[in-house]
Amino acid sequence: MENIGCRIRLGYPRPKDSLVRVFQGMPVANIDDCMGRMAAMDQGLWPMNRHPLLGTAFTIRVPQGDNLMVHKGMDLAQPGDVLVIDAGGCCNRAILGELMVRYCQCRGIQGIVVDGAVRDRDALEQAGIPVYCRAVTPNGPYKNGPGEIGLPIACGGIVVEPGDILVGDGDGVLAIHPWEAEGLAQRVQAVMAQERAILAQMDRDGTYPRPWVDEKLQALGCQYRQG
């Protein structure tokens, strides 16, 4: 019988690095547009620094205010992973701080996303890897457990599977299932090419054609008046 609530799953499949790297430099907003505009974690998760986030999800679930399994996860994660921590949105105890972030960086972990709080804001603003969180507090965590590693979690209002591709920038973070990644990347590349063309037209002649605006207003029966 499984010990639900206190278990560690190892050996789950990770996508090839070449597939992950396809999303390097892609704006999260463009990716989200191509995922129905509902794939991003909620706006409560914000970046502590300006490093872009890209890697594979190493999922951790902890009780509110406890980081025992985060300590174990730091030792188990592989280079290229992103720690994605479901801390229940708890904001009154920090799940990690400067020492843990530095250790993650030393191990080749590509970033940390915490649905909860962190501390050592000044240090994390200068950290060498991206960190996203919901709040900052000096209150430290308990280390009692239990918790889970390598299983599906909820983070920022979305489901994250271990091995998902995580992408983050100044707008926020989203997760991509590897089996959907190739086709999605092609759609995002097409959107980015279209936007480059629009920007070039703005720079060239100062126009931004959007016929759909008037079409929509006409369909709504919008009335115009003078004065």
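In which loop is Pro 146 found? Pro 146 sits in the loop between β8 and β9.

The legends below describe a predicted model, in which local features need pLDDT of at least 70 and side-chain atom pairs count only at pLDDT 80 or more, while totals for chains, interfaces and linings use all residues. Residues are numbered from 1 along each chain as its sequence is written, and side-chain values use heavy atoms, with hydrogens and water left out.

**Figure 1. Overview of the protein chain.** The secondary structure comes to seven helices and 13 strands. Helices (H or I, at least four residues) and strands (E, at least two) are DSSP runs, numbered from the N terminus. The C-alpha trace spans about 70 × 40 × 40 Å along its principal axes. Of the 227 residues in the chain, 41% are buried. Buried means under 20% relative accessible area, exposed means over 50%, and partly exposed lies in between (1.4 Å probe, protein chains only). Accessible areas come from the Shrake-Rupley method with a 1.4 Å probe, and for residues only the protein chains shown count as cover.

**Figure 2. The cis peptide bond at Pro 146.** Gly 145 and Pro 146 are joined by a cis peptide bond, with omega of about 0 degrees. Most residues other than glycine have a negative phi, and most peptide bonds are trans.

**Figure 3. The salt bridge between Asp 81 and Arg 14.** Seven salt bridges are found in a search of the whole structure. A salt bridge is a side-chain nitrogen of Lys or Arg within 4 Å of a carboxyl oxygen of Asp or Glu. The side chains of Asp 81 and Arg 14 form one of them, at 2.9 Å from N to O. Asp 81 belongs to strand β4 (residues 81-86) and Arg 14 to the loop between β1 (6-8) and α1 (17-21), so the pair ties together parts that are 67 residues apart in sequence. Asp 81 is buried because its relative accessibility is 0%. Arg 14, with a relative accessible area of 26%, is partly exposed.

**Figure 4. Arg 37 and its partner Asp 33.** The side chains of Arg 37 and Asp 33 meet in a salt bridge of 2.9 Å, N to O. Arg 37 lies in the loop between α2 and β2. Although Arg 37 is not a glycine, its phi is positive, at about 60 degrees. Arg 37 has a relative accessible area of 62% and is therefore exposed. Asp 33 is partly exposed, at 34%.

**Figure 5. The salt bridge between Asp 42 and Arg 134.** The closest N and O atoms of this salt bridge are 3.0 Å apart. The pair links distant parts of the chain, 92 residues apart: Asp 42 is in the loop between α2 (28-33) and β2 (46-47), and Arg 134 is in the loop between β7 (131-133) and β8 (135-136). Both residues are partly exposed, Asp 42 with a relative accessible area of 26% and Arg 134 with 22%.

**Figure 6. The network around Glu 148.** Salt bridges that share partners join Glu 2, Arg 7 and Glu 148 into one network. Glu 148 is part of strand β9 (residues 147-149) and is buried because its relative accessibility is 7%. The side chain of Glu 148 makes a polar contact of 2.7 Å with the side chain of Arg 7. A polar contact is a pair of N or O atoms within 3.5 Å; within protein, one must be able to donate a hydrogen and the other to accept it, and residues adjacent in sequence count only if both atoms are side-chain atoms. A polar atom of the Glu 148 side chain also lies 2.7 Å from the backbone nitrogen of Gly 5.

Figure 7. Glu 98, Asp 120, Asp 122 and Glu 125 form a negative surface patch. Patches are made of residues with over 30% relative accessible area and no salt bridge: like charges are joined within 9 Å, and nonpolar side chains (Val, Leu, Ile, Met, Phe, Trp, Tyr) within 5 Å. Lys and Arg count as positive and Asp and Glu as negative, with His and the chain ends not counted. The place of a charge is taken as NZ of Lys, CZ of Arg, CG of Asp or CD of Glu. Asp 122 lies in helix α5 (residues 121-125) and is exposed, at 60% relative accessibility. Asp 120 is in the loop between β6 (117-118) and α5, with a positive phi of about 65 degrees although it is not a glycine. The nonpolar patch, of about 280 Å², is made by Leu 199, Met 202 and Tyr 208. Met 202 lies in helix α6 (residues 178-205) and is partly exposed, with a relative accessible area of 32%.
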